[in-house]
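Let's walk through this protein together, one piece at a time. Have the sequence and the 3D view handy as you read.

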Amino acid sequence: MSSRIPTSTSVTESAVINAPLSVVWHLIKLQDFHHFWTKLEKSSHVKGTSHETDIVKWTFKDGTVLEVKQEEHSTIDHFITYSVISATPALSYTSVISTIRCFAVTSGQHEGSTFVQWSGNFSSDADAGVIEDARFKRKEALADLETAVAKK
């Protein structure tokens with residue numbers, strides 16, 4: 001019998017960002033995440049990859065390096081989907097695919113703001129610690145996004 005605690009392998013966090021969709025969407029490009037996510041030291045395109053593949057290296061301030069591949073992008077529906085294709089140090093799970101979606105808030109007290117949803121679907125070998133870490137990092141990054149657009 002396994003001593004592993006069963007857990008969901010997905011996470012979704014969201015926030016209402018007090019800025020128009022056009023301002024928020026401008027920052028939702030993998031190579032530009034360092035402009036708002038304070039945990040990132042830099043983000044840049046990986047050279048030498050196919051011109052048909054967008055791969056970006058995220059270098060975090062703690063020394064972690066992730067290479068992420070843009071899987072899907074829609075400027076019409078305002079979302080990007082990306083997967084982690086390599087990590088240093090190695091991840092404790094096999095895979096994750098994440099999506100960030102942005103929606104214009106068109107009525108109510110938050111009219112003119114942007115609703116941002118950041119989800120992640122992990123392989124079944126991700127444990128509860130991985131999921132909670134992902135939840136915390138998304139919340140932190142969404143708060144950073146709010147701060148970044150407030151400065152504009």
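## Ground rules

A residue counts as buried when its relative accessible area is under 20%, exposed when that is over 50%, and partly exposed in between, using a 1.4 Å probe and protein chains only. Helices (H or I, at least four residues) and strands (E, at least two) are DSSP runs, numbered from the N terminus.

This is a predicted model, where local features need pLDDT of at least 70 and side-chain atom pairs count only at pLDDT 80 or more, while totals for chains, interfaces and linings use all residues. Residues are numbered from 1 along each chain as its sequence is written, and side-chain values use heavy atoms, with hydrogens and water left out.

What holds strands together in general? Strands of a sheet pair through backbone hydrogen bonds, either parallel or antiparallel.

Now zoom in on some pairs. Strand 3 (residues 55-60) and strand 4 (residues 65-74) are joined by 5 bridges, and Val 56 stands opposite Val 68 there. Strand 4 also pairs with strand 5 (residues 79-88), this time over 9 bridges, with Val 65 facing Thr 88. The hairpin of strand 4 and strand 5 has 4 residues between the strands, and His 78 in that hairpin takes a positive phi near 55 degrees. Moving on, strand 5 and strand 6 share 5 bridges, and Ile 80 has Ile 100 as its bridge partner.

## Helix 2

Helix 2 (residues 128-150) has 23 residues and spans 33 Å from first C-alpha to last, close to the expected 33 Å; that expected span is 1.5 Å times one less than the number of residues.

Which parts of the chain do the buried residues of helix 2 pack against? They pack against strand 1 (10-17), helix 1 (21-27), strand 6 (96-104) and strand 7 (114-122), where contact means heavy atoms within 4.5 Å. Among these buried residues are Val 130, Ile 131, Leu 142 and Leu 145, along with Arg 138 and Asp 144.

## Salt bridges

Side chains of opposite charge can pair when their charged atoms come close. A salt bridge here is a side-chain nitrogen of Lys or Arg within 4 Å of a carboxyl oxygen of Asp or Glu, and the count comes to 5. In one of them, Glu 140 pairs with Lys 39, the closest N and O atoms being 3.9 Å apart. This pair links distant parts of the chain: Glu 140 is in helix 2 and Lys 39 in the loop between helix 1 and strand 2, 101 residues apart.

Another joins Arg 135 to Glu 132, at 3.4 Å between the closest N and O atoms. These two are 3 residues apart in helix 2, so about one helical turn separates them. Arg 135 is partly exposed at 24% relative accessibility, and Glu 132 is partly exposed too, at 45%. Shared partners join Glu 13, Glu 132 and Arg 135 into one network.

Notes:
Two strands pair if DSSP finds at least two bridges between them.
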